[in-house]
Amino acid sequence: MGDTVTVSGTLDSGREAWARRRWGEAVAKLRAADAATPLAIDDLELLATALFLTGVEGESTEAWARAHHACLAEDDAARAARCAFWLGFALDITGTDAPAAGWYERGRRLIADAGLDCVEQGYVRVPGAMAALMVDEDAAAARAAFVDIVAVAERHGDADLAVLGLLGLGHA
């Protein structure tokens, strides 16, 4: 029982540190909890985010991949797609374009194949909207896509997606 209490306390401390935006402390506590007992999806997402924010991109992508596969194991296509998006995003902004594109496509296919009406529909559209803007240099197409992305965010009440969409609109 003592080990369970210690792991639970460490995990709770990691969650608390994450909530207080103490990213380094969150990483240390969540890593320790994960070493004792593999983290559940919610906590893997916290760890992946904290790792990314502390510049540990390699471990961050590993945590996102674990969360993605755990979501697939639970038949949660929407959440798996969201994990794929954030994994692709992390790879993309560190210049690892080809694997990023693969993860983006995996997320897009999950949503399309499942025929879901969910906030993740907006997330999987972000890479295409960014490509319209940055690669195709088609500001009008990018703007239209980002308007749709913001609408999805607002319909589902997702602040993170709204920020991505509004940032894209600003660039377009």
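Modeller: W64 is found in helix α4, which covers residues 57–73; helices here are DSSP runs of H or I with at least four residues, and strands are runs of E with at least two, numbered from the N terminus. The model is predicted, so to speak of a local feature requires pLDDT of at least 70 and to count a side-chain atom pair requires pLDDT 80 or more, whereas totals for chains, interfaces and linings use all residues. Residues are numbered from 1 along each chain as its sequence is written, and side-chain values use heavy atoms, without hydrogens or water.

With a relative accessibility of 7%, W64 counts as buried (under 20% relative accessible area, with exposed over 50% and partly exposed in between, for a 1.4 Å probe and protein chains only). Beyond its neighbours within four places in sequence, W64 is in contact (heavy atoms within 4.5 Å) with E45, A48, T49, C83, W86 and L87. The C-alpha atoms of W64 and E45 are separated by 6.5 Å, although these residues lie 19 apart along the chain.

Two of these partners, E45 and C83, also take part in the meeting of two other helices: I41, D42, E45 and F52 in α3 meet R79, C83, A90 and I93 in α5. The axes of α3 (residues 41–53) and α5 come within 12 Å and cross at roughly 10°; axes are lines fitted to C-alpha atoms, for helices over the stretch in contact, with angles from 0 to 180 degrees between N-to-C directions.

Apart from sequence neighbours within four places, L30 is in contact with L11, G14, R15, L39, D43, L46 and L47.

The chain as a whole has ten helices and zero strands. Its C-alpha trace spans about 60 × 30 × 30 Å along the principal axes, and buried residues make up 41% of its 172 residues. Of the contacts between residues at least 6 apart in sequence, 49% join residues at least 24 apart.
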